[in-house]
Amino acid sequence: MRMPKAVMLGCGLMLLAGSAGAMTVDEIIAANLEAKGGAAAWRELASARMTGVMRMGGGAAGALEMPFTVEFKQPDKVRLEFTMQGMTGVQAFDGTTGWAIMPFLGKTEAEEMAEDQVKQLKNQADFKGVLLDHQAKGHTVELVGTEEVDGTPAYKLKVTRADGDVDILYLDEEYFVEFKTELTREVQGQEMTVTTVIGDYKEVDGLLFPHSMEMAFGGGEAQQVITISSIELGVELPDERFAMPAKPEAEAPAAE
Amino acid sequence: MTTRKNALLVVALIGAGFGIAGAAEVEIDSATFGGLRARSIGPAVMSGRISAIDAVAGDPLTIWVGAASGGVWKSENAGTTFEPVFDDHAQSIGAIRVDPSNPDTVWVGTGETWVRNSVSIGDGVYRTTDGGDTWQHLGLEATERIAKIEVDPEDPDTVYVCATGRLWSASPERGVYKTTDGGATWELILSIDEDTGCADLDMDPQEPHILYAAMWQFRREPDFFTSGGPGSGLYRTTDGGASWTELGNGLPEGDKGRIAVAVAPSRPAVVYATVEAAETALYRSDDLGASWVRTDDSSNIQMRPFYFSELVVDPTDHRRVYKPGLTLTVSTDGGESFSGLFGASFSMGAVHPDHHALWVNPDNPHQLILGTDGGVSISEDRATTWRFVRSLPVAQFYHVSHDLEWPYNVYGGLQDNGSWKGPSRSPGGISGGDWRVVGDGDGFWAFADPADPSTVYVEYQGGQLSRFDVTTGESKSIKPFTREGEEELRFNWNTPIHLSPTRPGTLYYGSQVLHRSTDRGDSWTTISPDLTTDDPARQRQASSGGLTVDNTTAENNATIYAIGESPLDPQVVWVGTDDGLVQVTRDGGATWRRASDAIPGLAPGSWVSSVTPSPHAAATAFVTIDDHRRGDMAPYIFRTDDHGESWRSIAGPGIDGYVWTVKQDPVNPDLLFAGTELGLYLSLDGGGRWARFTENLPKVAVHDLAIHPTEHDLIIATHGRGIYILDDLTAIRALTPEIMAAKAALLPSRPSPQVLSGGLSWFGSDDEFVGANPDEAASINYWLARRHLFGDLKIEIYDADGDLLTTLPGKKRRGINRVGWPMRLKPPTMPPANALVMAFVGPRVPEGSYTYRLIRGDEVLEGTVELVADPRNPHPREDRLAQQTTALEAYELLGELTFLADGVTELRDQARDRAAKLDGRDRERLAGLGDDLEAVHGTLVVAGEGGLMSGRGELREKLGALYGEITGYDGRPSESQIERLAGFTAEIEAKRAEVAGLTAGLEELNRMLAKRGLAPLAPLSREAWQARQEGAAGTADEGGRVAWGLLLGL
């Protein structure tokens, strides 16, 4: 298979750094960003739209699938739409307010989201990943060590986010890209670990994006699989797309 | 880019030392098996032996449970649920202690010290500082077992470990160890001799420099147990272990055995001790151990000190003393007298007897947590009533078998927990209620009669054999008796039952001779002489026990332990004994030959743990040798290809732990499975190299294995974690060196049954363990030589016409990958409305063969999967087809409805948009059209606010429900359903006509719009709609969770 150009660069870095075991955490992060297209190119990126399909459950329940679109606008805006049985749910964060429309049980108004979900939306708005400019974002990263994870030798990085949440990232020892993460998050007051296997990296306008995420909540087999079919970078996204809509009463009534 | 140094190499090494006939050595590791996962089916209904408990008083309670051979479990909700937190480490737990100054720091001593014949082994001390997420191994590997750990409440780096030491051999690594640097270094601060270890340790909670240590001289042999000797004694230090004094002054003179010691936390001058001696009794000291008075010698105090030596003083009342033992007794008068806590002195009611651990809540002494041979029970009323914890699947199976039903059932017996039958799959998962007890006592072998699955052959300890009728619950004892003139029959604790693989109704049973019955056990013929050494030195069970005689048949020896009839030649029968002999007959028992003489390097007297005839050649057999009961923990596996004339070792590199069993795969003769004390091991080259199977299977003792002949599952009997199943070995069987040399290759799978849609299950409860079902999906298996990182990895499924049915994301691990295809079309397309309809999944595709393409970057590999009906499916093929056809009709009709509704809403919105830009009559006309379309839409779907409970239903809701009904039943739909579906077809046709009527004047309207400079009304074309649907059929059970997942995942 043809290897993306960026990955070749990453490999070059590794060679420069000498033996892999001797790399520092900063060198590993630099190699990771270089492999994904270079920190400078990532910093320039202002917005993105990703489209794909989400599958739920294992086995027969894996038959549940739904399309989604997620849009990001720097520095901190995100909007997610997903469709089930023709109905579209929305979750968004405009930099201040996190809100959602969940029409599936009959409620079509936008509502403000719970605090812990808003926090995750806020984290999510940083779609370029925790490693890019992590110091400026207030995250600390430490190299825990190297270990074989599911048969793959990996660098294990522990990221303590500015808000205290902890992400464990496993970077392929050869290509420096993340292939597995373990995120510990507070959900409804309880700690939950989300394990995500990341793959299908492809280049989009010179930047390397994963196009597949298999997620497991609290261990075990993946219960949700996200497949991204397209990624558009630098899309025009007005701020209003991220703002919570006004109450329906305030909207213009349908013509009579 | 360099090749990874550990990349899988296929090494063709048929060398002198490792020569395995017919199989080149295949280098494997645990990752070779990739994403194949064992699934735990429990059960937890009877749980298993618990050896240690600690807890943190708080609201809610945090409970730590150490299982005898099932690892460490943590509950953060007062015992509603438990999570295993120690799966990568030794599963035999001796001690757990939570740091009193930090509840996230917990010390675990491995190696149980309730040293019954079947006890497992540990490998030192571990500590977590993050509540159990990660563990550090802090040494003391050679201690094998640890009874207690005490942490200084004033200095968490100062910790004392009570190391009991090796059970089956002498060793210096035993006694009391102390660290003052958090486990970095240890000092042995109390040591007697190589036969005497520490059996109990307690610390004065107010003066942590004062500790009491019970030293115990003990030894187990294959046929004998000794508790007691001159080494035993009770010691005290008052200076943190710098010096020790042996305590006497009221304690019995002469040899002592196992001692338990407990300081009263509320008044530490009061110390209690049970002392095994010629007359075992409870003693109390009121002066920090300086002097002692004998207070009680009731039966529960005296019984089996090696197994029951726990003593707990109520933390708030120095006169209230609990004695967990055969039952739980309590004293309220400072140990002067004891009474039973279960209404009677012996409980057979709410709590399993044989108690090993007890925790009393210091903040609420009415709350007790008790660990027994049968799990954990919790009392809130000071031991008056008990709640059994149903979420601890730590069952200790000795053996496992299966029947040929679909779904098949598994059978097996457990340490002190009878024998059980349970299904390999069940609606909603395999829960406690799915299991049925088929035998009591300690259970071992259990087999369903292949000719009559309602008959189960089952036994309890020491050779008590029964035939159990599952239908009526009747049990008939069918054991053979000693006949006139014969030597008394000797039966092992774990007596082998063997069913003839060739003749239903024929079974074998082993004492020192081999018994055969051809009438389901009603009569027996002896078909061998004494096949053991008959060494009198190994027949000492009547005096076994040491100071306290303990003759329970657990030490019976010089007996047959393993039997195997060749599946290819019923005249060839193998026998293995617990005293080191392998015997074989080639003439159905007329003559016997001692085949063990030819086993190279076999230590005389070693226990033969299994003999397994090969399913491929009558002259081939496998034996495993387990000499751990004499202190040798090494793995021994031998193979013969000439009826035992010669043997060679096949315990190649990679295998660890003493071996219980080995099985040769019935399809691939190079594929071997071995169960050892330290897990499940596989070899792909006939034993040249081994690798542990680790995915969802802890490092637990695997005592037995069975391979299901029609489901091709590996059934794994663990002694400590219940039964696991590795579904569908087909892919592993196909893992040849050629496949493994490829970067990617397809692997086959068994035909996938379309499991019947029925099977109701009710709401569960988090406090009950539920075993996992196999995926109801067709398995697509493939090999990857390394992790896939770049570019697509996906699987496309095609029908017989070559039409693409669906695309699945691929798994990406090194080794074997398994992707499940749910055997359904995409979920139905539904028009937007205001609530979900019970129509979430696509219709099943018909049975048959399907092509799939594994797409990996530019490479495409093509294979097929076979879909078959559920073997129970009672519906004739034409009825199944009728169901599939009708479901597909309803499915497509939902698509039609969606197209219609989408067209209506789009045109409505266009009309309203134009109306807003017009005025006068033109505005009215377009607004009118919008309203008319809105009215039609209102008959297609329930729109607007309202939701799930509104009770409203239009075409979408009604048709969706009908679709759900039809897909939910695998037989012919009812006439009423077919009629209703036809009605909906007509109705949708009528609506289409109605819409066509409303838009008849569209051309004229569009001319008008053109004149006004407005865009024409553009009805939605089928092509445009279709394009929009591509990859976009969506549905789900709960929106919030989906979005949540997306957010965390991206």
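Which residues is B:Ile716 in contact with, leaving aside its neighbours within four places in sequence? Keep the question in mind; the tour comes to it after an overview.

**Before you start**

This is a predicted model, in which local features need pLDDT of at least 70 and side-chain atom pairs count only at pLDDT 80 or more, while totals for chains, interfaces and linings use all residues. Residues are numbered from 1 along each chain as its sequence is written, and chains are lettered from A and ligands numbered from 1 in the order in which they are written.

**Select chain B**

Chain B holds 10 helices and 66 strands. Helices (H or I, at least four residues) and strands (E, at least two) are DSSP runs, numbered from the N terminus. Along the principal axes, the C-alpha atoms of chain B fill a box of roughly 120 × 70 × 65 Å. Of the 1050 residues in chain B, 56% are buried. A residue is buried if 20 or more other C-beta atoms lie within 10 Å of its own, exposed if 12 or fewer, and partly exposed in between, with C-beta atoms placed from the backbone. Two residues are in contact if their C-beta atoms, placed from the backbone, lie within 7 Å. Among contacts in chain B between residues at least 6 apart in sequence, 58% join residues at least 24 apart.

**Select B:Ile716**

Here is the reply to the opening question. Leaving aside neighbours within four places in sequence, B:Ile716 is in contact with B:Ala38, B:Leu680, B:Val702, B:Leu705, B:Ile723, B:Tyr724, B:Ile725 and B:Leu726. B:Ile716 and B:Ala213 touch the most other members of the largest nonpolar core, which has 228 residues. Strand β15 (residues 211-221) of chain B gives the most to this core, with seven residues. A second, separate core of 99 residues includes A:Val78, A:Phe93, A:Ala100 and A:Tyr170. A nonpolar core is a set of buried Ala, Val, Leu, Ile, Met, Phe, Trp, Tyr and Cys residues joined through C-beta atoms within 7 Å.

Strands β28 (residues 368-372) and β29 of chain B run antiparallel and are joined by five bridges. Two strands pair if DSSP finds at least two bridges between them. β28(B) and β29(B) form a hairpin, with two residues between them. Pick B:Ile369 and look across to B:Ile378, its bridge partner in β29(B). β29(B) also pairs with strand β30 (residues 387-388) of chain B, antiparallel and over two bridges. There, B:Ser377 stands opposite B:Phe388 in β30(B). Is β29 (residues 375-379) of chain B mostly covered or mostly open? Strand β29(B) is mostly covered, with five of its five residues buried.

An open sheet of four strands lies here, in the order β10-β11-β12-β13 (chain B), with antiparallel pairing. β10 (146-151) and β13 (187-190) of chain B stand at the edges with a single partner strand each, so one side of each has no neighbour in the sheet. Strand β12 (residues 175-179) of chain B pairs with β13(B) over three bridges in the antiparallel sense. B:Val176 has B:Leu190 as its bridge partner in β13(B).

Helix α7 (residues 975-998) of chain B has 24 residues, which at 1.5 Å a residue should span 34 Å; its end C-alpha atoms are 35 Å apart, which agrees. The expected span of a helix is 1.5 Å times one less than its number of residues. B:Leu981, B:Phe984, B:Ile988, B:Lys991 and B:Val995 are buried in α7(B). The buried residues of α7(B) pack against α4 (877-916), α5 (920-940) and α6 (955-967) of chain B. Move on to helix α8 (residues 1002-1011) of chain B: the number buried among its 10 residues is zero, so this helix lies largely in the open. B:Gly1013 follows α8(B), and its phi is positive, near 75°.

**Select chain A, then A:Met113**

Chain A has five helices and 15 strands. Buried residues are 45% of its 256 residues. A:Met113 is found in the loop between β6 (110-112) and α4 (115-125) of chain A. A:Met113 is buried, with 22 other C-beta atoms within 10 Å. Not counting residues up to four places away in sequence, A:Met113 touches A:Gln91, A:Gly98, A:Trp99, A:Ala100 and A:Val118. Finish with a distance: the C-alpha atoms of A:Met113 and A:Ala154, 41 residues apart along the chain, are separated by 37 Å.
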